[in-house]
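Hello,

Please find the structure below. My notes on it follow.

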Amino acid sequence: MVLEPLSTTLFDPYGVFAAPGRAPRVGVRRGGQVLDLAAACAQHAPEWVGLFDQPSLDSFLAAGPEVWAQVHAGVAEMDAPLLDLDGVELLLPFTVADYVDFYSSEVHARDVSKILRPERPTLPPAWHQLPIGYHGRAGTVVVSGTEIARPRGILGLDADGRAVVGPSERLDLEAELGFVVGTPSSGPVGLADAAEHVFGVVVVNDWSARDVQAFETVPLGPMLGKAFATSVSAWVTPLAALDAARVSPPARVHPVAEHLDDAGRRDGLDVTLRVHLNGELLAEPPAAGLYWTWAQQLAHLSGGARMRTGDLLASGTVSGDGAPGSLLELSWGGSRAVAGTGQHYLRDGDEVVITAIAPAAGGGRVELGEVRGRITA
């Protein structure tokens, strides 16, 4: 996918920043600068000031799709004031209400089965019937740039059957997309209405302690191996900005329940993630290959849970053939060094940066916000 940069669109991403001596407030990124949206609205649209003179996007997210569209169009006409990004601090852009991490990539799911269960490498029967996921810890979602302390946990048992406790020796990254709920729901949300509830997209790194995870997930799901930190980009790209990236998802290999039947829909997203470790490009996993879409995730989850403003639905690791989104796959369970790095998992001092791009309407590309994190002891 060769694309020319797109300097401005109607859908510049939203975030929250703090300038020296000023309270945090909402801004819109424009290249290497940020538009102070509250100040700009004071000049051009006073009725919106209360949405943006805030330390989070929460009020704007909850305002709903009609307001989102009006603001998107209005922001395109606002030209001042602009501040250099180098001179501001970027903060977590929204209050994370709940966090669910899905398992939407069939390539990743099959790789994991082959690595961890080589004697029975097939997917569980439910995998092709519903978007499998687990409930994560909203309180450990952090903004890009936050340092990640190496987690500790039970790594297994020694020869005498006693728990071995210590720092994770198999710390991993997971390249994902996250979908941020704006409009809450009081009941099930159908596929046709999903875009009325999802405001935008963030890039996600769902850090994983593979040794802790492997021991504790028999027989239940992830707990401490996944609960210590999940990093998200400081910028939320409106879902509407990705209209030109909408594609059909992979062909369904089994019939699905009525609420998940997306025949004829284009809810897949042609987004390419780029995973860098200490400046080395490791892989470019394609989100277009995700078997389960963001709309199906919302439709299934909302059938049993009330959606709230700020809910974060993550795709799970995005992997493609020859383009894995985790070190678990790149090192094939630690059996080989990751090309270009000489290592199998993350070391103290390592810096992981995940970026993402997508086609834009009229040519060019949309650049989603990066997510960055450095490992500390």
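**Salt bridges, cores and cavities**

Asp262 and Arg252 join their side chains in a salt bridge, 2.7 Å from N to O. (A salt bridge is a side-chain nitrogen of Lys or Arg within 4 Å of a carboxyl oxygen of Asp or Glu.) Both residues lie in the loop between strand S18 (246–247) and S19, so the pair ties together parts 10 residues apart in sequence. Helices (H or I, at least four residues) and strands (E, at least two) are DSSP runs, numbered from the N terminus. Asp262 is buried at 5% relative accessibility. Arg252 is partly exposed at 24%. Here buried means under 20% relative accessible area, exposed over 50%, and partly exposed in between (1.4 Å probe, protein chains only).

A word on the source: this is a predicted model, where local features need pLDDT of at least 70, side-chain atom pairs count only at pLDDT 80 or more, and totals for chains, interfaces and linings use all residues. Residues are numbered from 1 along each chain as its sequence is written, and side-chain values use heavy atoms, with hydrogens and water left out.

The structure has 22 salt bridges. Asp53 and Arg25 form one of 3.4 Å, N to O. This pair links distant parts of the chain, 28 residues apart. Asp53 is partly exposed, at 42%. Arg25 is buried, at 12%. Asp172, Glu174, Asp206, Arg210 and Lys226 are linked in a salt-bridge network.

Next, the nonpolar cores. (A nonpolar core is a set of buried Ala, Val, Leu, Ile, Met, Phe, Trp, Tyr and Cys residues joined through side-chain atoms within 4.5 Å.) The largest holds 53 residues, and Leu273 and Leu346 have the most contacts inside it. A second, separate core has 33 residues, including Val28 and Phe199.

Last, the cavities. On a 1 Å grid over the protein atoms alone, a cavity is a set of points where a 1.4 Å probe fits but cannot get out; lining residues have an atom within 4 Å of a point. Grid points are joined across faces, edges and corners, and a volume is the space filled by probe spheres set on the points. The whole structure has 2 cavities of 30 Å³ or more.

Best wishes

How values were computed
1 Å grid on protein atoms, 1.4 Å probe; cavity = no way out; pocket = protein on both sides within 12 Å on 5 of 7 lines; lining within 4 Å.
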